[in-house]
Amino acid sequence: MKVENTQVQMRKGILEFCILEIISRGEVYASDMLEELTAAKMIVVEGTLYPLLTRLKNAGLLDYSWVESTSGPPRKYYTLTETGRTFLDQLRDTWGELVASTEFIIHNKKAQQL
């Protein structure tokens with residue numbers, strides 16, 4: 001078993017959460033999301049982002065608007081819908097619980113003594 005496979009699966013598991021967090025800050029262009037996700041080592045392939053954005057849009061979590069660009073074609077900027085904000089709040093709660101549970105297991109001295 002390769003550790004890289006598990007690492008990729010872990011990243012994929014929280015990618016949706018990270019995308020929603022980025023968009024929750026305000027209107028964001030896909031290439032800016034990609035840049036931040038790449039810098040955070042959460043995503044390395046552009047082809048991963050666009051299908052996920054489409055899925056989130058179809059689920060009613062995102063909306064977008066076209067904005068004219070002075071340096072090329074119009075750009076699609078994403079925002080969260082109210083449903084998306086509620087969904088993100090729930091994911092934040094779940095994330096907090098997962099972090100606390102994982103930290104408990106990692107640092108549980110009693111279990112380490114068994």
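What percentage of the 114 residues of the protein count as buried? I looked this up before anything else, keeping in mind that the model is predicted. The figure is 24%.

**Entry: overall form.** I next compared the radius of gyration with the globule rule. A compact globule of 114 residues would come to near 13 Å, whereas the protein has 17 Å. I then took the extents of the C-alpha trace along its principal axes, and they are about 65 × 30 × 20 Å. For the surface, I noted that the protein exposes about 8,100 Å². Carbon and sulfur atoms supply 56% of that area.

**Entry: secondary structure.** I counted 5 helices and 3 strands. Reading along the sequence, I wrote down the pattern α-β-α-α-β-β-α-α. I also checked the contacts with a sequence separation of 6 or more, and 49% of them are accounted for by residues 24 or more positions apart.

**Entry: the core.** Which residues of the largest nonpolar core touch the most other members? I found Ile19, Ile23, Met33, Leu37, Leu49, Leu53 and Leu62, out of 22 residues in this core. I then asked which elements supply at least two residues each. They are α1 (3-23), α2 (30-39), α3 (46-58) and β3 (72-80). With 6 residues, α1 gives the most to this core.

Leaving out residues up to four places away in sequence, I listed its contacts as Met33, Leu37, Leu49, Leu52, Leu53 and Leu56.

**Entry: Lys41.** Where is Lys41 found? I located this lysine in the loop between α2 and α3. Its phi is positive, about 60°, although Lys41 is not a glycine. I flagged this value because most residues other than glycine have a negative phi.

Lys41 and Gly96 are 55 residues apart in sequence, and their C-alpha atoms are 21 Å apart in space.

**Entry: charges.** How many positive and negative charges does the protein have? I recorded 13 positive and 15 negative. The mean positions of the two sets are 8 Å apart.

Definitions and conventions
Residues numbered from 1 in each chain as written. Predicted model: local features only at pLDDT ≥ 70, side-chain atom pairs only at ≥ 80, totals over all residues. Heavy atoms only, no water. Core = buried A, V, L, I, M, F, W, Y, C linked by side-chain atoms within 4.5 Å. Buried < 20%, exposed > 50% of the residue type's maximum accessible area, 1.4 Å probe, protein only. Helix = DSSP H or I, 4+ residues; strand = E, 2+ residues; numbered from the N terminus. Contact = heavy atoms within 4.5 Å. Rg over C-alpha atoms; globule rule 2.2 N^0.38 Å. Areas by Shrake-Rupley, 256 points an atom, 1.4 Å probe, with all protein chains shown as cover. Lys, Arg positive; Asp, Glu negative; His and termini not counted. Charge placed at Lys NZ, Arg CZ, Asp CG, Glu CD.
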